[in-house]
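Open the model in your viewer and keep the sequence panel at hand.

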Amino acid sequence: APLASLSGDVLVLAARSGKDGAELIGNVDGSEQISAHFSTFGFTGKADELLRLPSSVDGFGSIAVVGLGKDASANFLRNAAASAVRQLAGASSIVLAFGVATDEDALATVEGATLGGYVFNVFRGKTKDAQKAPVESVTIATAATLGDEVLSRVDVLADAVNFVKDL
């Protein structure tokens, strides 16, 4: 779905680490304003790094920028999506706007978001109630189209991976 038609608690953007610091990928209104905060907060765009800022984009409560590392390939997008979903636990809805245009990159982002939502808290006991709830809704802003069959395979894959993690 196009970003202009979406809203949520958190808009998640991606940045890769570059020689001169973090670089946002994709086109988002206000990207220069967002990038200006990187050096202030020491954000470098390394993998798993997350910077959360007040929103400057209509329809979103806050903006988060997740680091990709040095590359924006499918594997790095998958890891970044999973990392963002894990780190933003407690948010009701997030929109991943990583600037993905190909079906391969969109699929990797969906896989990462799905796998990142896994939570194992069976043996938490007293601390179980203190855990933040996983993100309820993840939307991916992309022009790519993934069919129902592909999305069903992602669900089966995630169920299998989560089952193995529970063992």
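In which helix is the place of T109? Select helix 3, residues 103-116: T109 sits there. Bear in mind that this is a predicted model.

**Stop one: T109**

Colour T109 by accessibility. Its relative accessibility is 0%, so T109 counts as buried, since the cut-off for buried is under 20%. Now show its surroundings. Leaving aside residues up to four places away in sequence, T109 touches L77, A81, L96, F98, V100 and I140.

**Stop two: the aromatic pair**

How many aromatic pairs does the structure hold? The count is one. Select F38 and F43: their ring centres lie 4.9 Å apart, and the angle between their planes is 50°, so the pair is tilted. Stacked would need planes under 30 degrees apart, and edge-to-face over 60. Next, check the exposure of each ring's residue. F38 has a relative accessible area of 3%, so it is buried. F43 counts as buried too, at 5% relative accessibility.

**Stop three: D48**

Where is D48 found? Go to the loop between helix 1 (31-41) and strand 3 (50-54), and select D48 there. Check its backbone. Phi is positive, about 75°, although D48 is not a glycine. Is D48 buried, exposed or partly exposed? With a relative accessible area of 46%, D48 is partly exposed: the band for that label runs between the 20% and 50% cut-offs.

Notes
Residues numbered from 1 in each chain as written. Predicted model: local features only at pLDDT ≥ 70, side-chain atom pairs only at ≥ 80, totals over all residues. Heavy atoms only, no water. Helix = DSSP H or I, 4+ residues; strand = E, 2+ residues; numbered from the N terminus. Buried < 20%, exposed > 50% of the residue type's maximum accessible area, 1.4 Å probe, protein only. Phe/Tyr/Trp six-rings, centres within 6.5 Å; stacked < 30°, edge-to-face > 60°. Contact = heavy atoms within 4.5 Å.
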